[in-house]
Amino acid sequence: MQVCTMFHSLPALQAGQLAAADYLAQVEADPRRAAALARARVRAGRVNAAATQTLSQLRLSAGLSQAQLAERLGTQQPNIARWERDPRNMNVETIHRFAAALGVPPDAVFKASSVGYGA
Amino acid sequence: MLFDLVILPECNQEIAALSRVDEEAAAEIDLLIERLQEDQPELENLCIPGNRYNYDPAFEVKLLVAAQKRGKNIYLVKYRLPDGDLADYRLLIGYHAQHGTYYALQLAHRNHSYEVGSESFNQLLDRYEQCGIPTYK
């Protein structure tokens, strides 16, 4: 990753251009738009009654971005992305912490981790 | 290689204007941007056209053929709603392959016409060029 960083050269942003992270911070700073975005996440997290939610859908149902969940867990956003991509990387302690941060029973996270990403 | 997503000020303003008349539609676009920003592998593979039903939320990527014929690397990214329908608005994204940078160039409604020579199509190409994205032969 260090090597990749050395060779990565983001061109300088032109006037008014925003990196996506800064754009989203701007959205979150607007209470109206932040609330609308949280509602959109909740809608995106819904599944059919017969289906099991994935980890990302559980998070979305709580109205959270990966960055927001990472803050609740005291970790970094890329770790959330990694776990959602491959839940097999999660140990039992992490699953319980995930459940607590989302306000769901641990069983929901166990089931989601067995569904995996993209199911 | 790390990949980046940059939002043009014009596109930013278009989404902000949409949020004033349709809060939920603008939020769907914000969620799409958030999803792309969160996951590097998705950005890495974004320029490979095809359906992305496997992602949460699901989205689709298609080449904008009229632009591609003019050497402009522009894609349509559409967000798929939980009920399976496509969202009304989508992003037009330019890709700078040498830098691994995607530029959100324009917000467009699903009924928007990408007619060659139209004002909005020319505007899209202008924004692409202003970003310094190469025109490919």
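In this predicted model, strand 5 and strand 6 (residues 101-109) of chain B pair in the antiparallel sense over 8 bridges. Strand 5 (residues 86-96) of chain B is mostly covered, with 9 of its 11 residues buried, and it is also joined by 6 bridges to strand 4 (residues 74-80) of chain B, again in an antiparallel arrangement.

**Strand 5 and strand 6 of chain B**
- Within this pairing, Ile93(B) has Ala104(B) in strand 6 of chain B as its bridge partner.
- The two strands form a hairpin with 4 residues between them, and Gly100(B) in the turn has a positive phi of about 65°.

**Strand 4 and strand 5 of chain B**
- Ile74(B) stands opposite Gly94(B), which belongs to strand 5 of chain B.
- These strands likewise form a hairpin, here with 5 residues between them, and the turn includes Gly84(B), whose phi is positive at about 100°.

**Nonpolar cores**
- The largest nonpolar core has 55 residues, and those with the most contacts inside it are Leu5(B), Ile15(B), Ile33(B), Ile74(B) and Leu91(B).
- Helix 2 (residues 23-38) of chain B contributes the largest share of this core, namely 8 residues.
- A second, separate core of 16 residues includes Leu55(A), Trp83(A), Phe98(A) and Ala112(A).

**Contacts of Leu91(B)**
- When residues up to four places away in sequence are not counted, Leu91(B) touches, among others, Cys11(B), Ile15(B), Ile29(B), Leu32(B) and Ile33(B).
- The residues that Leu91(B) touches also include Tyr75(B), Leu76(B) and Val77(B), as well as Ala104(B), Gln106(B) and Leu107(B).

Methods
Residues are numbered from 1 along each chain as its sequence is written. Chains are lettered from A and ligands numbered from 1 in the order in which they are written. This is a predicted model: local features need pLDDT of at least 70, side-chain atom pairs count only at pLDDT 80 or more; totals for chains, interfaces and linings use all residues. Side-chain values use heavy atoms; hydrogens and water are left out. Buried means under 20% relative accessible area, exposed over 50%, partly exposed in between (1.4 Å probe, protein chains only). Two strands pair if DSSP finds at least two bridges between them. A nonpolar core is a set of buried Ala, Val, Leu, Ile, Met, Phe, Trp, Tyr and Cys residues joined through side-chain atoms within 4.5 Å. Contact means heavy atoms within 4.5 Å.
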